[in-house]
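Please look over the structure shown here, beginning with the ligand and then turning to one of the strands.

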Amino acid sequence: MHIGILTGGGDCPGLNAVIRAATLELLSAGARVTGIERGFLGLMRGRLRPLAAADVDDILEQGGTILGTHNRADPFHDFARGGADVSAEVIACARAAGLDAVLAIGGDGTMDIAARLHALGLPMIGVPKTIDNDIALTERTFGFDSAVAIVAEAIGRLRTTARSHGRVMIVETMGRYAGWIALEGGIAGGADAILIPELPFEPQRLLDFCRQREAEAAPGCDGSTLICIAEGCAPLGGSLTVERTVAGSPDPLRLGGVGERLRELLEPHLQSEVRTTLLGHVQRGGTPTAYDRVLATRFGHAAARLAVQGRHGVMVALQADRCVSVPLAEVAGRSRPVPRDHPLLDAARGLGVCLGVA
Ligand code: F6P
């Protein structure tokens with residue numbers, strides 16, 4: 001048996017832990033393992049290399065991916081060839097290399113491509129990754145816990161300076177169209193207000209909240225306010241804040257800057273100075289948390305077992321804390337936003353956190 005492994009889309013902490021667990025499990029089952037470089041680009045350009053135990057020996061804690069990745073490498077739309085469909089070449093490349101199946105570790109874009117290649121006859125197994133935690137049919141993706149830890153730490157650091165100056169501090173997180181990172185990072189960091197895309201915020205509510213804190217400024221409450229806002233947020237009836245468009249990417253919009261827009265809305269009406277911190281890619285870099293290392297290891301192991309059993313066209317998922325497999329075709333084209341009745345939103349309200357809505 002010969003299995004290929006690739007990492008597609010944006011990187012995130014824990015990718016190497018998956019590569020390590022899957023490779024070691026496959027090798028011990030007697031399989032040959034090949035690393036495909038830079039996501040699907042490796043199959044589009046024939047960039048493959050063997051993976052031995054020594055290659056994955058020391059990578060558990062390493063951030064990023066030893067295989068490299070690419071956020072525009074789509075066999076159905078080759079950015080370097082005017083958007084041509086080169087899926088037949090990709091399948092031919094995998095067959096010429098003698099691959100029996102490919103483990104594709106990636107986000108929703110990677111799962112879509114994997115589902116389409118599988119339907120065309122290339123056996124695929126998906127492993128869900130993303131700091132955004134927004135892949136359908138899995139309760140958790142690795143990388144998320146690491147991102148949340150960084151957001152929580154950042155909020156903690158900003159609080160001491162916010163309190164010293166009596167400022168309003170806005171922290172903008174990643175997460176695309178889902179609010180998981182802002183919600184859990186905001187709760188873990190003790191944010192006073194948390195804004196997520198699933199609940200379009202009313203600027204006036206936020207303004208009233210900050211004003212009330214200014215008015216109540218007293219020992220223990222200096223009038224400062226920490227607002228954690230997800231990049232995919234928009235005011236009620238307003239539009240997304242797009243930082244750039246990446247032509248040829250399966251999801252071309254890159255969000256960013258809504259925190260600064262919020263500062264512009266609030267500052268003229270407050271006594272306090274308002275400052276914005278955009279956390280950006282620090283949320284995706286560095287070593288995975290212990291939780292993410294364990295989850296990534298579980299996913300890598302489960303994916304390798306599926307490969308050994310010849311079960312293809314599926315994605316590994318976490319459901320009720322068990323690793324299960326779900327059809328790739330059911331994941332493709334879907335996402336997993338924060339439900340409006342999620343218990344953490346209730347908990348946030350109970351803490352007096354402003355969510356920007358009634
Ligand atoms: O999907 C992961 C993610 O980090 C999002 O949270 C963010 O919007 C996007 O990727 C950024 O992508 P890029 O690294 O291409 O700027």
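**The ligand and its surroundings**

The ligand is surrounded by Asn71, Thr130, Ile131, Asp132, Met174, Gly175, Arg176, Glu231, Arg254, His281 and Arg284, where a residue counts as near if one of its heavy atoms lies within 4 Å. This is a predicted model, in which local features need pLDDT of at least 70 and side-chain atom pairs pLDDT 80 or more, while totals for chains, interfaces and linings use all residues. Residues are numbered from 1 along each chain as its sequence is written, and side-chain values use heavy atoms, with hydrogens and water left out.

Among the polar contacts (pairs of N or O atoms within 3.5 Å), a polar side-chain atom of glutamate 231 lies 2.5 Å from an oxygen atom of the ligand, an N or O atom in the side chain of aspartate 132 is 2.6 Å from a ligand oxygen, and for arginine 284 the corresponding distance is 2.8 Å. Of the 400 Å² of accessible area that the ligand has on its own, the protein covers 82%, as computed by the Shrake-Rupley method with a 1.4 Å probe.

**Strand S6**

Strand S6 (residues 168–173; strands are DSSP runs of E with at least two residues) is largely enclosed by the rest of the structure, because six of its six residues are buried, that is, under 20% relative accessible area with a 1.4 Å probe, protein chains only. Val168, Ile170 and Glu172 point one way from S6, and Met169, Val171 and Thr173 the other.

S6 pairs in the parallel sense with S8 (residues 225–230) over six bridges and with S11 (residues 274–278) over five bridges, pairing being assigned if DSSP finds at least two bridges. Methionine 169 has leucine 226 as its bridge partner in S8 and stands opposite arginine 275 in S11.

Key:
A polar contact is a pair of N or O atoms within 3.5 Å; within protein, one must be able to donate a hydrogen and the other to accept it, and residues adjacent in sequence count only if both atoms are side-chain atoms. Buried means under 20% relative accessible area, exposed over 50%, partly exposed in between (1.4 Å probe, protein chains only). Helices (H or I, at least four residues) and strands (E, at least two) are DSSP runs, numbered from the N terminus.
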